[in-house]
Amino acid sequence: MRTKIIAGNWKMNKTLEESQALITEIRGIVRDEHRGGSKVILCPPFISLASAARLLEGTEIGLGAQNCHFEDSGAFTGEISPLMIKSVGAQFVIIGHSERRQYFGETNEMTFKKAKSAVRNGLKVIFCVGETLQQREDKTFFKVVEAQLNEGLFGLDRKEFANVVVAYEPVWAIGTGLTASPEQAQEMHHYIRKVIATHYTDEIAEETSILYGGSMKPDNAAGLIAQRDIDGGLIGGAALKAREFADIIRAVG
Ligand code: PEP
């Protein structure tokens with residue numbers, strides 16, 4: 001059985017105080033309502049990670065960062081290393097989010113270095129792939145996602161890859177209110193699993209959790225999750241409201 005995962009990507013939202021309030025609220029709802037059918041992960045901004053780790057201590061809720069550098073330390077002003085993320089008590093890191101690729105020039109070469117470094121430092125990686133609207137329309141989307149995996153992730157060996165969760169996030173569906181239909185998402189998830197099986201093994205592909213991301217909300221989560229190859233969600237906007245986020249968790253189980 002693959003682990004079902006609901007991860008909240010808060011992006012550049014919430015001050016320290018606001019983060020603490022939201023985490024406290026989510027923690028309470030999860031404690032009272034969550035039936036334990038999925039792993040819940042929160043990914044607040046870097047400045048909130050240490051305090052989030054304290055607030056989540058003793059709970060089953062996981063904690064992740066939204067990005068990392070690939071070196072452990074050094075003259076990289078403004079950057080944060082996997083070693084530093086691990087040191088505050090986080091267990092996950094999102095790598096290759098489309099906003100990092102689009103606005104910060106992140107390449108497949110960089111995502112691979114980051115993933116390698118994150119795993120070496122004991123973090124689990126939520127690795128994002130996805131095509132733009134143009135790539136969907138010109139029907140290159142399978143090729144684009146396959147290249148993101150081949151060039152940006154598959155340099156990891158089998159043991160390292162056991163620490164990876166893949167998130168399919170069509171760029172045209174992120175923060176736009178447009179969602180891939182369950183069938184469109186399933187088609188890509190199935191393809192991603194096939195590509196993982198080809199590169200690694202069938203067994204590894206079967207064990208890898210593949211999340212959907214892109215305007216997932218309480219009212220569309222159940223339909224997406226019902227698909228065979230969709231193992232949860234990476235949630236942006238709806239993760240900033242405790243009730244909405246909790247309703248997505250409930251839809252997943
Ligand atoms: C995301 O940024 O990972 C995301 C899926 O955002 P949203 O849910 O807002 O589309």
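# Helix packing, a loop and cysteines in a predicted model

Helices α1 and α2 pack with their axes 10 Å apart, at an angle of about 25 degrees. This is a predicted model, in which local features need pLDDT of at least 70 and side-chain atom pairs count only at pLDDT 80 or more, while totals for chains, interfaces and linings use all residues. Residues are numbered from 1 along each chain as its sequence is written, and side-chain values use heavy atoms, with hydrogens and water left out. Helices (H or I, at least four residues) and strands (E, at least two) are DSSP runs, numbered from the N terminus. Axes are lines fitted to C-alpha atoms, for helices over the stretch in contact, and angles run from 0 to 180 degrees between N-to-C directions.

**Helices α1 and α2**

- α1 and α2 count as roughly parallel to each other; the term covers angles under 35 degrees, with over 145 roughly antiparallel, 65 to 115 roughly perpendicular and the rest oblique.
- On the α1 side the contact is made by Leu16, Gln20, Ile23, Thr24 and Arg27, and on the α2 side by Ser51, Ala52, Leu55 and Leu56; contact means heavy atoms within 4.5 Å.
- Helix α2 spans residues 49-56 and is mostly covered, with six of its eight residues buried; buried means under 20% relative accessible area, exposed over 50% and partly exposed in between (1.4 Å probe, protein chains only).
- The buried residues of α2 are Leu49, Ser51, Ala52, Ala53, Leu55 and Leu56.
- Their cover includes α1 (16-33), β2 (39-43) and β3.
- Glycine 58 follows α2 and has a positive phi, near 80 degrees.

**Helices α11 and α12**

- The axes of α11 (residues 218-225) and α12 cross at roughly 25 degrees and come within 8 Å.
- α11 and α12 are therefore roughly parallel to each other, and their crossing is right-handed.
- From α11, Pro218, Ala221, Ala222 and Ile225 meet Glu244, Asp247, Ile248, Ala251 and Val252 of α12.
- Valine 252 belongs to α12, which covers residues 242-252, and counts as buried because its relative accessibility is 9%.
- Beyond neighbours within four places in sequence, valine 252 is in contact with Lys4, Ile6, Ser38 and Ile225.
- Valine 252 is 239 residues from asparagine 13 in sequence, and the two are 25 Å apart in space, C-alpha to C-alpha.

**The loop between β3 and α3**

- Histidine 69 is found in this loop and counts as buried, because its relative accessibility is 10%.
- The histidine 69 side chain reaches the backbone nitrogen of glutamate 71 at 2.9 Å.
- Leaving aside neighbours within four places in sequence, histidine 69 is in contact with Phe76, Glu79, Ile80, Ser81, Pro82, Lys114 and Ser117.
- Aspartate 72 lies in the loop between β3 (62-65) and α3 (82-87); with 25% relative accessibility, aspartate 72 counts as partly exposed.
- Not counting residues up to four places away in sequence, aspartate 72 touches Ser81, Leu83, Ser117, Arg120 and Asn121.
- The side chain of aspartate 72 makes a polar contact of 3.2 Å with the side chain of arginine 120, and a polar contact (3.2 Å) with the side chain of asparagine 121.
- A polar contact is a pair of N or O atoms within 3.5 Å; within protein, one must be able to donate a hydrogen and the other to accept it, and residues adjacent in sequence count only if both atoms are side-chain atoms.
- Between aspartate 72 and phenylalanine 154 there are 82 residues of sequence separation and 21 Å in space, C-alpha to C-alpha.

**Cysteines**

- A search of the whole structure finds zero disulfides, a disulfide being a pair of cysteine sulfur atoms within 2.5 Å.
- The closest cysteine sulfur to that of cysteine 68 is in cysteine 128, 12 Å away, which is too far for a bond.
- Cysteine 128 is in no disulfide, and the nearest cysteine sulfur, that of cysteine 43, is 9.3 Å away.
- Cysteine 68 is buried, with a relative accessible area of 1%; cysteine 128 is buried, with a relative accessible area of 1%.

**Helix α4**

- Serine 98 is found in α4 (residues 98-103) and counts as buried at 11% relative accessibility.
- Apart from neighbours within four places in sequence, serine 98 is in contact with Val171 and Ile174.

Technical notes:
A crossing is left-handed if the near helix is turned anticlockwise from the far one by less than a right angle, and right-handed if clockwise.
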